[in-house]
Amino acid sequence: MRTSRSRRAFGSPLPRPFVLVVAAVLAVFGLWATSGAASGAAPAAATPTQATAGARPDFRLPFACGETWQLQTYQGHAPDDKKLDMYRVGGQTLGASVVASAAGTVTEFFEPGGLEINHGGGWFSVYLHMERIDVRLGQQVSSGAPLGRLGLVGTTSAHLHYEQLYDTDGDNDGETDEMVHPVLQGTEYRLSPSGPFPRVTSTNACGGTPAPERFWVDTFADAPGYAAVDCVGDISPRCAVQGKLFKGTNYVLCKKSGDEVRVGNSYNHWWLLTDLDQVVPGGSGRAYISAYYLQRWGNDEAKDNEGRDIRLC
């Protein structure tokens, strides 16, 4: 169902002081040459004219632990691949409780039946079509905290409209043109109106052991490290090799989607942030290696030795 966002419908937003967004130290990088040789100057510094993303929050499905919801989009959702409409599977959508997908502060109400949460680091989430809102402006909420209940506000078919946004211009607000592809429970969703429409079971506030700070993985060969993930085949100085991670058991911190590394029938588009064993002069000791080098998993997988999905950077 088509939706519109009319801000400030239910109240004025909180004051928005200008925030300094943490600068990311990621330049760019390419694929290790067959000869093993790659050289050049250290990566150029990040351009200071655009805000750089802080660590993405651990966004969870915005419903109670164990509930299953189908994620959908439609032609004209604008953008079709970034906005999610959620429908309950095996339960009633109308009247269902909506919860915060990550911890943050409620900063804005708007029509139809919507609110926005500021999660810090430039990240925001948006929830629409609630007939009842149970939080107040300025309230701090934890992941899984109740926000309200779904109704038929601005729609003829009960569902939750959900968005994630990143504040690229640094004005401490998430706007529609700053919408990103949503990541929920470690999976990025880029839906198409033609489907398929995945069904996802919530792990929000389920308790248990939290994700580790470091993920231990086995690599089958020495892996070159790069400052970023988007220049496979680029031999310019900005894609200079930063150093090397030796083969064996190593830790990685998180994963990021980037250029595909392909050798024969083996390929992977995930890159893993880690601390290198060997650093070239002027290089950065913390860099990305391709998940292609993971020994235990197949194509396009990025899991640790226990089979857990490595969190997104």
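Colleague: Which cysteine forms a disulfide with Cys65, and how far apart are their sulfur atoms?

Modeller: Cys65 bonds to Cys206, with the sulfur atoms 1.9 Å apart. A disulfide here is a pair of cysteine sulfur atoms within 2.5 Å. This is a predicted model, where local features need pLDDT of at least 70 and side-chain atom pairs count only at pLDDT 80 or more, while totals for chains, interfaces and linings use all residues. Residues are numbered from 1 along each chain as its sequence is written, and side-chain values use heavy atoms, leaving out hydrogens and water.

Colleague: What is the hand of the Cys65 and Cys206 link?

Modeller: Right-handed, with 110° about the S-S bond. Cys65 lies in the loop between strand 1 (6-7) and strand 2, and Cys206 in the loop between strand 15 and strand 16 (215-219), so the pair ties together parts 141 residues apart in sequence. Strands (E, at least two residues) and helices (H or I, at least four) are DSSP runs, numbered from the N terminus.

Colleague: How many disulfides are there by this rule?

Modeller: Three. Another joins Cys231 to Cys239, S to S 2.2 Å; that link is left-handed, at -135°. Cys254 and Cys313 also form one, with sulfur atoms 2.0 Å apart. Counting bonded cysteines along the chain, the pattern is 1-2, 3-4, 5-6.

Colleague: Is Cys254 buried or exposed?

Modeller: Buried, with a relative accessible area of 8%. Cys313 is partly exposed at 26%. Buried means under 20% relative accessible area, exposed over 50%, and partly exposed in between, using a 1.4 Å probe and protein chains only.

Colleague: Switching to strands. Which strands does strand 2 pair with?

Modeller: Strand 2 (residues 68-72) pairs with strand 3 (residues 84-89) in the antiparallel sense over five bridges. Strand 2 also pairs with strand 15 (residues 199-201), again antiparallel, over three bridges. Two strands pair if DSSP finds at least two bridges between them.

Colleague: What stands opposite what there?

Modeller: Thr68 stands opposite Val89, and Leu71 opposite Met86, both partners being in strand 3. On the strand 15 side, Trp69 stands opposite Val200.

Colleague: Why is strand 2 largely enclosed?

Modeller: Four of its five residues are buried, so strand 2 is largely enclosed by the rest of the structure.
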